[in-house]
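Subject: Structure for your review

Dear colleague,

Please find below the structure that I am handing over to you. I would be grateful if you could look through it alongside the notes that come after it.

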Amino acid sequence: MKQQMSKRLKSILTPIIAVLLGIIVGTIIMLFSGYNPVAAYTALWNGAFGEIYYIGEVIRQFTPYILAGLAVAFAFRVGLFNIGVEGQFLVGWLAAVWVGVAFDLPRVIHLPLAILAAIAAGALWAFIPGLLKARFRVHEVIVTIMMNYVALHVSNYLIRNVITDHGDNSGPIHKSATLRSGFLESITDYSRLHWGILLAIISCFIMWFLLERTTRGFELRSVGFNQHAAQYAGMNVNKNIILSMVISGAFAGLAGAMEGLGTFEYAAVKGGFSGVGFDGIAVALLGGNTALGVFFSAILFGVLKVGALNMPLEAGVPNELVDIIIALIVFFVASSYIIRVFLDRFSKKEVK
Amino acid sequence: MEYVIEMLNIRKEFNGFVANDNITLQLKKGEIHALLGENGAGKSTLMNVLFGLYQPEQGEIRVKGKPVNISNPNIANDLGIGMVHQHFMLVDTFTVTENIILGREITSAGKIDIKKAEQQVREISERYGLSVDPQAKISDISVGMQQRVEILKTLYRGAEILIFDEPTAVLTPQEIKELIQIMKTLIKEGKSIILITHKLKEIMEVSDRCTVIRKGKGIGTVTVSETNPNELASLMVGREVVFKTDKKEATPKQEVLEIKDLVVKDTRGVTVVNGLNLSVRAGEIVGIAGVDGNGQSEFIEAITGLRKADSGSVKLYGKELINHTPRQITESGVGHIPQDRHKHGLVLNFPIGENMVLQTYNKKPFSKNGILNFGEIYKKAKTLISEFDVRTPSEYTLARALSGGNQQKAIIGREVDRNPDLLIAAQPTRGLDVGAIEFIHKRLIEQRDNGKGVLLVSFELDEIMNVSDRIAVIYEGKIVAVVNPKETTEQELGLLMAGSNRKEAGEATNV
């Protein structure tokens, strides 16, 4: 039992140490390039928590991160690497906005319909690599990467040629399909905070409950750990592979709805990827692929992204440096093995 | 007499758990010294101490009388200690020669002189009677030959003392004979050998002396010629062990399993089960004897639904089951103790408790409306763990953390508890110690006595002879003979397994 405890402690300590190391190395880099790290981190802090407006923006920012992180983590728990969260996110975004602009319905119908459209689009987009993996053993990493490009350019085509007539913006969705909330905006000094955060929190619970408490989750986890044993036990391995991709894509599509129905209320032609899907990989990794871990690591990413906007203004530190610090944190998380080794040494010494 | 290795009063702890407690092992020059102990007794720990992978807390190691400090495997290598691992450390896509010289490459101007290396490998292999093809790829050669490559690796590095870690666990009876010959040649050439094993027969056959350890403690060293298997077994287990499995006469009833003209291909598309016919009745144990690679694995996989059969019929109480899914077959009343417990039998990263419901998680009371009931699951697990004597700290411990024998007991508990009409046991005692083997045999016979059919596949002739009521010999994917264990001999079975027909085999053994 004591061993169990220290194991849990270690899995919490590891990401925290990774973050601290990222900040320390970031400090060194700033010192070398002639910026004041204290001023920079103060600016970061103020940019995230200094005003209620910023707090609202932080929450708005990490809402899609939670969902993208859940998408990556869910597939990962079943032994699949879904690099296609970005593409599923984009088709989800577009589907939500499309329903948002094409219909004019009462809010109780329109908003859920738009959200479901996003979920369905993301799920469908992930179903394809899932099917190819289950049926023909085509590696999901290759297929999902390629599907990202297909998603990007097909979305752009649809916005230009189907939703609008050679426009580069879908135009705003009807108010009946928005996730925006006058109430949430008013209590956060008119930030863009929207109801999506509730959906993200519910999604965390759904992921935890589905994986840890249901027979379906038992099958999915079995397939993730040992396909042969799952097959031996009478589980349908292929069905579970496809299902896990579909659920993963559904989370990703819902993340798209956060942007399409909440933050932006439109879909525009994009020159490149949004990055939310790829950040989702880092969020899942930092969160140890658990629902609760994803929730907290998404918060950290949201804080860094929003707080960083204040660093050039208040401390004169370029935005790029903030990206470097985030990258360093991810780097240290990815090499968390090293941290674990040190923690093991440390705890061994204590035993003696 | 000169000792080449002396390990004196070795003590090794892991976080308070004492794996080796005051163990002494002295190896004479030119002897085969067996190290005997149950799974988890501390044999591997002791050898890892000798090989420099672990540092002992207490005790002294002497090589040729001189105290040494072996702090890493390179030092062990330099002292002439070589280890032949149970799980081969070979690069599959490299050739035999490349594997042997790995880390000790002969180079000229930065290029590996593969010709010269092959020549050296050939020389060593001839000197010690280890026939290998230096140019063959590891992935293309048999397990027995891979082991010879492992031995050559240590000899190439100049080993004088060879440690064999459970070397026969992966070998066929023929390969075991060859290995024993090799070990004798090595001794003749002046090497000394430590043989880690829990197979008493091998110890009696090859070793000069034997050191027994039990639960981490050194029990003592005996001269093999002055002892017998019963004494060794009771030293190892700490109590009397019954070798001849006690069982009543079988009372077979109606047919449980009927297999007709079964044809199955292996992964490469070669037909390996070729028109197999077999029947198992309620209340009997049918043993399948055969040399590894005669279609046993594919046969079992086909009748349990893990592999597609090409044609034929598999009936359980008259109900056709061919090419049904594993779940349909399981739920029709078939229990399956799989050949590879890590690959098929367990999800190693699940707690042992969740492994106990691997097939029944979707049934009441373990779940209701798709929601798991962990209370019921762990209650069940707790009962099975105590009933089948699975030694584990708790039912929440990961299956990975259990020893092989306890993992196997857990699987058997799970399969027997479902009370199947037919229990298929594929190599159920592979790699287990005598205590666990005895337990498992008892359970199989218990199933039989409860009127169930048992199909046992094993490469161990002893096991087949001891446990079965009827023996079916498999050769090249067919059952070539069905014999009564009371009316046959190991020689006759051996010949049948090698493809002689019944009449020839009978005559040969009569002469």
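The notes below concern a helix of chain A and a sheet of chain B.

Please bear in mind that this is a predicted model.

Of the 26 residues in α3(A), 22 are buried, so the helix is largely enclosed by the rest of the structure. Leu70(A) touches several residues beyond its sequence neighbours, including Cys204(A), Met207(A), Phe251(A) and Val294(A).

From its first C-alpha to its last, α3(A) reaches 36 Å, close to the expected 38 Å. Just after α3(A), Gly79(A) adopts a positive phi of about 85 degrees.

The sheet of chain B

In chain B, 6 strands make up an open sheet with mixed pairing, in the order β18-β21-β22-β15-β23-β24. Its edge strands are β18 (334-337) and β24 (478-483), each of which pairs on one side only. Neighbouring strands are turned by 20 degrees against each other on average, direction ignored.

Strands β21 and β22 of chain B run parallel and are joined by 5 bridges; Ala425(B) has Leu456(B), in β22(B), as its bridge partner. Helix α15 of chain B (residues 434-449) packs on the sheet, where it touches β15, β21 and β22, and its direction makes about 150 degrees with that of β22(B).

With kind regards

Notes. Residues numbered from 1 in each chain as written. Chains lettered and ligands numbered in written order. Predicted model: local features only at pLDDT ≥ 70, side-chain atom pairs only at ≥ 80, totals over all residues. Contact = placed C-beta atoms within 7 Å. Helix = DSSP H or I, 4+ residues; strand = E, 2+ residues; numbered from the N terminus. Expected span 1.5 Å × (residues − 1). Buried ≥ 20, exposed ≤ 12 C-beta atoms within 10 Å, placed from the backbone. Pairing = 2+ DSSP bridges. Axes fitted to C-alpha atoms, helices over the stretch in contact; angles between N-to-C directions. Lists of a residue's contacts leave out its neighbours within four places in sequence.
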